[in-house]
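Here's a quick briefing to read with the model open beside you.

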Amino acid sequence: MRFRSFFQRTFLLTFLILFITLSSIPTFAQDPSWEKDLAAWRTQYVENLLKPDGWLSLTGLEWLQPGDNSLGSAPDNKIHLAAGSPAHLAILHLGGETVTLNAPPGGFPPDFLVAGASAKPQTLRVEPNNDKVSPHLTVGTLNMYVIRREERFALRIKDSHSPAIVGFHGLKLYQPDASYRVTAKWIPYSPPKTITLATLVGTKYDQPVPGVAEFALQGKTFRLEPVLEDPAVAKLFFILRDTTSTTTTYGACRFLYTGFPTNGLDKPGDLSLDFNRLENPPCAYTPYSTCPLPPPGNRLPIALPVGEQRYH
């Protein structure tokens, strides 16, 4: 009887320990669909970086000077392209707020395209902080377009065979942790406000802020303000920094993109924030980008040891 009683007590104690252990396993281990979605997101994120025109392809950012800016691989050009590119590709003329594409002596190379068509002299469309409208200039492995930051214009140069793509050896990521996946309370601003974002290259630009996300983490309540980059796209853009920026994550900031709140931007609702999807800004990979810095209210006094770490 004593042996049976001892066995029963041992079995009960073992069962209780097993129950407590299983109960303490992070939620993501009990939510395979979330873990699967996060893995798929990470795979797609890497694929986007490695695209021929992804951020790892960025090899140059040349600020245009008033007047003619010649570009090509020959040493007499103001903007030097990689060896193997045409010796004299084109001339970008900056006059006031207009950038004109002109042919070099001898004409445009036959394989030089502008927005997919054979190059010809033309005024290039360039809008402040709206690079999507800029026509792409392509030749060989190069993909270039003009950007505008405040009153400054620059030629952004990408190469599908860049050293960063050819030598890519993976990203460094924290292990998934479902405790950093929170539901925030969405508080809309009426009317929406505008904030001025500073960038790493010393420029500034304004962005609309439709509201604020309020959430609890580590026993405290915090607020983060997203900007709305494109009203036509149902996506919010959070630029933030936490205390890991001094050790394991990129020092300037990290980005987090989310969908819209449950009831839209103009009504109170809920917003899912999964900090496991924190990603590096482009400036973490290349010195040729113009990344925004987090507004003062988005600099959290806590650590978020999830998402992407510093790039090698």
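Predicted model: local features only at pLDDT ≥ 70, side-chain atom pairs only at ≥ 80, totals over all residues.

Buried means under 20% relative accessible area, exposed means over 50%, and partly exposed is in between (1.4 Å probe, protein chains only). Residues are numbered from 1 along each chain as its sequence is written, and side-chain values use heavy atoms, with hydrogens and water left out.

**Salt bridges**

- A salt bridge here is a side-chain nitrogen of Lys or Arg within 4 Å of a carboxyl oxygen of Asp or Glu, and the whole structure has 10 of them.
- Side chains of opposite charge can pair when their charged atoms come close.
- R148 pairs with E97 at 3.3 Å, N to O. That pair ties together distant parts of the chain, 51 residues apart: R148 sits in strand β10 (residues 142-149), and E97 in the loop between β4 (90-95) and β5 (98-102).
- Helices (H or I, at least four residues) and strands (E, at least two) are DSSP runs, numbered from the N terminus.
- R148 also bridges to E151, with the closest N and O atoms 3.2 Å apart, and E97, R148 and E151 are linked in a network of salt bridges.
- D242 and R254 form a salt bridge at 2.9 Å, N to O. This one links D242, in the loop between β15 (236-240) and β16 (254-258), with R254 in strand β16, 12 residues apart.
- Both partners count as buried: D242 has 4% relative accessibility, and R254 has 1%.

**Pockets**

- On a 1 Å grid over the protein atoms alone, a pocket is an open set of points with protein on both sides within 12 Å along at least five of seven lines, whereas a cavity is a set where a 1.4 Å probe fits but cannot get out; lining residues have an atom within 4 Å of a point.
- Grid points are joined across faces, edges and corners, and a volume is the space filled by probe spheres set on the points.
- The largest pocket holds about 1,600 Å³. It is lined by 40 residues, and W55, K132, E229, Y257 and P282 are the closest to its centre.
- Elements giving two or more residues to that lining are α2 (32-49), β10, β11 (152-159), β13 (204-217), β15 and β16, with the largest share, 5 residues, coming from α2.
- Its lining splits into 19 nonpolar, 10 polar and 11 charged residues. For those classes, Ala, Val, Leu, Ile, Met, Phe, Trp, Tyr, Cys and Pro count as nonpolar, Asp, Glu, Lys and Arg as charged, and the others, Gly among them, as polar.
- The second largest pocket comes in at about 230 Å³. Of its 15 lining residues, Y257, T258, S272, D274 and R277 are the closest to the centre.
- For this second pocket, α2, β16 and β17 (269-274) each give two or more residues, and β17 gives the most, with 4.

**Cores and contacts**

- A nonpolar core is a set of buried Ala, Val, Leu, Ile, Met, Phe, Trp, Tyr and Cys residues joined through side-chain atoms within 4.5 Å.
- The largest one has 24 residues, and M144 and L155 have the most contacts inside it. β4, β5, β9 (137-139), β10 and β11 each give it two or more residues.
- A second, separate core of 23 residues includes A184, A213, F222 and L228.
- S162, in the loop between β11 and α3 (163-166), is buried at 1% relative accessibility. Neighbours within four places in sequence aside, S162 is in contact (heavy atoms within 4.5 Å) with L56, S57 and T59.

- Most residues other than glycine have a negative phi, and most peptide bonds are trans.
- The S190 to P191 peptide bond is cis, with omega near 0 degrees, and P191 lies in strand β12 (residues 181-198).
- A115 has a positive phi near 55 degrees; this residue sits in the loop between β6 (113-114) and β7 (117-118) and is exposed at 61% relative accessibility.
- N129 also has a positive phi, about 55 degrees, and is found in the loop between β8 (122-124) and β9.
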